[in-house]
Every structure is written in C-alpha cells, then in structure tokens.
Amino acid sequence: MEELHSEIQQTEPEPSPKVIGLTGGIGSGKTTVAQFIEELGFPVYYSDDRAKAIVNESEALKIKIKELLGEESYDENGLYDRKFVADKVFNNKDLLHQLNEIIHPAVRIDFEDWVQKQSKYLVFKETALLFELKLNRKCYKSLLVTAEDNIRIKRVMDRDNKTYREVGVVMEKQMPERDKIKMADCIIYNNTNLEELKEQTEKVIFSIE
C-alpha cells in the first residue's frame, strides 16, 4: 500500500504546451502560414475568428458593446454588425481602445480554455495584434510573417478588390514592419512563392525548442 502511495506521489503532471504567438500585417500571408502549421500537426487558435464568434455568443458582451457603440452594433437578427462597428471606431482611437477592453479579455479566457485541451508540445495563437497588445509577453516565442510592402499591397488589392490608396490607409494604421521585425523571435519572409513559404515554415517550426 505504501509503495502504491509512493508511486502516485512521484507521478509528474503533464507539461503545458508552449504557446507561440503567430502574427503578420495585412497581406503578409499569416493565414497561409497558419494553415501550413496545421498541416504539420500543430493546433492553431485563430483569435479573430474566435472573437467574431464570441461577440455573437456572449449576451454579456452584447450588452457592453451596445452600451459603448449603440444598438446598431447588432443587426435586426441580433448579429454583430462588423461594418457598422468598424466604421465607428476606425478613426477613433479612444472608442477602439474601449471596444478592445471589452472583447480581448473574453478572447483571452477562451484561448486559455482551448490551450488546456491541447496535447501537442507547441500550440499557436494567431493574432494580428500580437505586439500592439503586448500579447507576445505571454508567449514562449513570437513568430512574424512579413513581406515587402509593395508585395503586400498587391496581394490585398487582388484579394479584396481594393485600390492602392485603400490598402495604404489600412497599413498606415498598423505597427510598422520594421518595429515588428525587431520584436519577433522568429521571422518568415513571404516574398516569393508558396513552395518557398512552406519550406520556411517547416524549418522555423521544427527549430523551436
């Protein structure tokens, strides 16, 4: 009986997965890299997708968002009106900050719950605002997907049917790439083709210890 008790005491808890923050500006190819990571067998938490779901799932969030931005924040079907909200906060940093203060804590809790269900030694948190919100400080490593500005602009113009100026306005709102590069632990440069991007992704992921 004593031997059994001793064995139970010596059993070590399962190690927690190491969280890798995955980020990249508009047109960088961040989502494509996330898909490659999943193909390699590692789970990816898509922060923006989960935020889109949570603002529709949580009644508490709905109330807070309506109080901040008005009833029009949700449409006649009770669904979050992303265009209305985006137009409302695009040129209002104070409102954007207040909105983030409502949504991001809920996403953080959702992410923490998700991590507890994972079994791989690495998990990835995909988020556009990794450095802006200082989320990298809570990650084991940060991984930046980047590309030359003209390449990023061309990709978004082709993908979203936007003008050069429209894409430029969005990029101006984001943290400069040079600042992200200085802060990132690992960097993937997406300036060529998908085959090269996939090779880089594999090399970087399996170099993380």
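**Figure 1. The largest nonpolar core of the predicted model comprises 27 residues.** Val55, Ile65, Leu69, Tyr80, Leu99 and Ile103 have the most contacts inside this core. At least two of its residues come from each of α3 (47-57), α4 (59-69), α5 (82-89) and α6 (93-116). Helix α6 gives the most, with eight residues. The core lies between domain 1 (18-43 + 121-208) and domain 2 (47-117), because both give residues to it.

**Figure 2. Surroundings of isoleucine 65.** Leaving aside neighbours within four places in sequence, isoleucine 65 is in contact with Val55, Gly70, Ser73, Tyr74, Tyr80, Leu99, Ile102 and Ile103. Apart from the core of this view lies another core, of 19 residues, including Ala34, Phe36, Leu122 and Leu197.

**Figure 3. The aromatic pair of phenylalanine 42 and tyrosine 121.** The model holds seven aromatic pairs. In this one the ring centres are 5.5 Å apart and the planes stand at 85°, so the pair is edge-to-face. Phenylalanine 42 lies in the loop between α2 (30-39) and β2 (44-46), and tyrosine 121 in the loop between α6 and β3 (122-126), so that distant parts of the chain, 79 residues apart, are linked. Phenylalanine 42 is buried, at 5% relative accessible area, whereas tyrosine 121 is partly exposed, at 46%. Ring pairs join Phe42, Tyr121, Phe124 and Phe206 into a cluster.

**Figure 4. The aromatic pair of phenylalanine 111 and tryptophan 114.** With centres 5.8 Å apart and planes at 25°, these rings are stacked. Both residues lie in helix α6, three residues apart, about one turn of the helix, and both are buried.

**Figure 5. Lysines over aromatic rings.** The charged end of lysine 141 sits over the ring of tyrosine 140, 5.7 Å from its centre. Lysine 173 lies over the face of phenylalanine 90, 4.8 Å from the ring centre.

How values were computed: Residues are numbered from 1 along each chain as its sequence is written. This is a predicted model: local features need pLDDT of at least 70, side-chain atom pairs count only at pLDDT 80 or more; totals for chains, interfaces and linings use all residues. Side-chain values use heavy atoms; hydrogens and water are left out. A nonpolar core is a set of buried Ala, Val, Leu, Ile, Met, Phe, Trp, Tyr and Cys residues joined through side-chain atoms within 4.5 Å. Buried means under 20% relative accessible area, exposed over 50%, partly exposed in between (1.4 Å probe, protein chains only). Helices (H or I, at least four residues) and strands (E, at least two) are DSSP runs, numbered from the N terminus. Domain bounds come from an automatic or database domain assignment. Contact means heavy atoms within 4.5 Å. Rings of Phe, Tyr and Trp (its six-membered ring) pair if their centres lie within 6.5 Å; planes under 30 degrees apart count as stacked, over 60 as edge-to-face and the rest as tilted. A charge sits over a ring if NZ of Lys or CZ of Arg is within 6 Å of the ring centre and within 35 degrees of the ring normal.
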